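Please read the following report alongside the sequence and the coordinates. It goes from the overall fold to single residues.

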Amino acid sequence: MRSLAPGIRLITSFSRDSWYRGFTLFLTFLFYTSYHLSRKPISIVKSQLHRNCSTLIRPPNLNGTDNETWCDWAPFDKDNYQTLFGAVDNSFLVAYAIGMFFSGIFGERVPLRYYLTIGMLLSGLFTCLFGLGFYLNIHSIWYYAFVQVRAMNGLVQTTGWPAVVACVGNWFGKGKRGFIMGVWNSHTSVGNILGSLIAGVFVSSAWGMSFIVPGIIIASTGVLCFFFLVESETMLIAVYGQEDNEKEPLLQNSSSNEIFSSPGQSNSISSEPAEEHTKAISFCGALRIPGVMEFSLCLLFAKLVSYTFLYWLPLYIANVAHFDPKEAGDMSTLFDVGGIVGGIVAGLVSDQTGGRASTCCVMLILAAPMLFLYNHIGQYSLATTIGMLLVCGALVNGPYALITTAVSADLGTHESLRGNSRALSTVTAIIDGTGSIGAALGPLLAGLISPTGWNNVFFMLVTADILACLLLSRLVYKEVRGWCGHSPRHRG
């Protein structure tokens, strides 16, 4: 008896609903990878913009008399170069933090496909503009920090996170959300790794290409988004659901994708589009959702730590361990490799225990002493550097990943919303926007504190980790009471 090839049987075992879910997951992963890929080059290029020129051989035909700064790129050739780096970072991060609060509101009211496409195209443009400063011989801090490049790029990059989380939240239920989004959230670390590697290829020869190549990549993914993104299954039902009653329903749920369904959700989808509220939630309404404020403030301090590493780790490794710019950039990717593992573990544990806040709190408690140890023993040998970077990356980025993905999606579909499906983008933007305030403060404080010694920078990071943990104490207490059999009290 003839039978289908095993590969074909495997392909046909999945419903078309499962294929669309998987395709959306892949596309959004690719999109946000490109967002982070375009952010990373600045941290790699810093060590090239200001170098120790005394260790290099000066070309005989070079004009100028300053032997200490001849290899630096003005205006980063002065003694206040760390402050200037902080200003460049913060022009991006402050604009990102401010823009994020408005981005979620727009994301609920504008088609996500258009919103993401425009955001990626503009982000590619401004990333390339930074790199063009090398070829146009621009030495103005105002160009790099405020007028055209970093601040504008910070604003347009806010289109990414609320939109991709809303897309994934529209397609996936709560059943395995922590694990699925933990794996999916590795795009952040993958983007950082790729951004570091791409920037490292060009940093020593022509650092402008370290920005131009990532800019072209994110603009290309914007074109891909325009042609292929389907932002929700209800959209497909509305378009195809009633075309031909004799055809297989496009979005029928089968056992193969049962894990993606929310608890209690029926395994059949009517051909009629599900009725949903058309009025998007207000900003204040999203703030009143239980848990939004606590997780937002926790993320402020968690992201402060993560983004300080994102922007300053290559320079720290270059200064303390005496690696060259490319080696320091490559070594810094281990922090992001650890972050991938940490995000997956955090999602898996929180799914199994039902304790999102408790999972974050435990990882934050463990992260504080690990950061202290990394600063004191992390540079003793190559093995300790690798090990500590992996461990610190997992513990620092695990809670950050869980809050910005599964927690945001849970709160954006909270039972208190009574079926209002148009809260995901706004809730995600509030949480990530508050976290972005910390992301702006961390590199700024690192730039101000680092001249007094790296020990003080790490003291700041440990303090921030402890504060992030304390802000979750009420939610952790509530989860522990639930595990002990105490039913939650409902307020009127």
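**Basis**

This is a predicted model, in which local features need pLDDT of at least 70, side-chain atom pairs count only at pLDDT 80 or more, and totals for chains, interfaces and linings use all residues. Residues are numbered from 1 along each chain as its sequence is written, and side-chain values use heavy atoms, with hydrogens and water left out.

**Overall fold**

The chain contains 20 helices and zero strands. Helices (H or I, at least four residues) and strands (E, at least two) are DSSP runs, numbered from the N terminus. Of the 492 residues, 55% count as buried. Buried means under 20% relative accessible area, exposed means over 50%, and partly exposed lies in between, with a 1.4 Å probe and protein chains only. Among contacts with a separation of 6 or more, 82% join residues 24 or more positions apart; a contact means heavy atoms within 4.5 Å.

**Helix 11**

Helix 11 takes in residues 209-228, which is 20 residues. At 1.5 Å a residue the helix should span 28 Å, and its end C-alpha atoms are 29 Å apart, which agrees. The expected span is 1.5 Å times one less than the number of residues. The buried residues of helix 11 include Phe211, Ile212, Pro214, Ile218, Thr221 and Cys225. Among the elements that cover the buried residues of helix 11 are helix 2 (16-39), helix 5 (112-135) and helix 10 (186-202).

**Nonpolar core**

The largest nonpolar core has 116 residues, and those with the most contacts inside it are Phe76, Leu116, Phe309 and Tyr374. Helix 14 (residues 292-320) gives the most to this core, with 16 residues. Such a core is a set of buried Ala, Val, Leu, Ile, Met, Phe, Trp, Tyr and Cys residues joined through side-chain atoms within 4.5 Å. Leaving aside residues up to four places away in sequence, Phe309 touches Pro314, Phe335, Leu371, Tyr374, Phe458 and Leu461.

**Salt bridges**

The structure holds five salt bridges, each defined as a side-chain nitrogen of Lys or Arg within 4 Å of a carboxyl oxygen of Asp or Glu. The table lists three of them.

| Pair | Closest N and O atoms |
|---|---|
| Asp77 and Lys78 | 3.1 Å |
| Asp432 and Lys303 | 2.7 Å |
| Arg356 and Asp351 | 3.1 Å |

Asp432 forms its salt bridge with Lys303. Asp432 lies in helix 18 (residues 424-449) and Lys303 in helix 14, so the pair ties together parts that are 129 residues apart in sequence. Asp432 is buried at a relative accessible area of 2%, and Lys303 is buried at 1%. In the Asp77 pair, Asp77 is buried at 15% relative accessibility, whereas Lys78 is partly exposed at 47%. Arg356 is buried, with a relative accessible area of 13%.

**Two further charged residues**

Lys40 sits in the loop between helix 2 and helix 3. Lys40 is buried yet has no salt bridge, and the nearest side chain of opposite charge, Asp336, is 4.3 Å away. For charge, Lys and Arg count as positive and Asp and Glu as negative, while His and the chain ends are not counted. A polar atom of the Lys40 side chain lies 3.2 Å from the backbone oxygen of Leu310. Apart from residues up to four places away in sequence, Lys40 touches Asn192, Gly195, Ser196, Leu310, Ser332 and Asp336.

Glu479 belongs to helix 20 (residues 473-483) and is buried, with a relative accessible area of 18%. Not counting residues up to four places away in sequence, Glu479 touches Gly354, Gly355, Arg356, Ala357 and Ser358. The C-alpha atoms of Glu479 and Gly354 are 8.2 Å apart, although the two residues are separated by 125 residues along the chain. The Glu479 side chain reaches the backbone nitrogen of Ala357 at 3.1 Å.

**Backbone features**

The peptide bond from Ala74 to Pro75 is cis, with omega near 10°. Pro75 is found in the loop between helix 3 and helix 4 (81-109). Asn137 is not a glycine, yet has a positive phi of about 60°. Asn137 is placed in the loop between helix 5 and helix 6 (141-147) and is partly exposed, with a relative accessible area of 49%.

How values were computed: A polar contact is a pair of N or O atoms within 3.5 Å; within protein, one must be able to donate a hydrogen and the other to accept it, and residues adjacent in sequence count only if both atoms are side-chain atoms.
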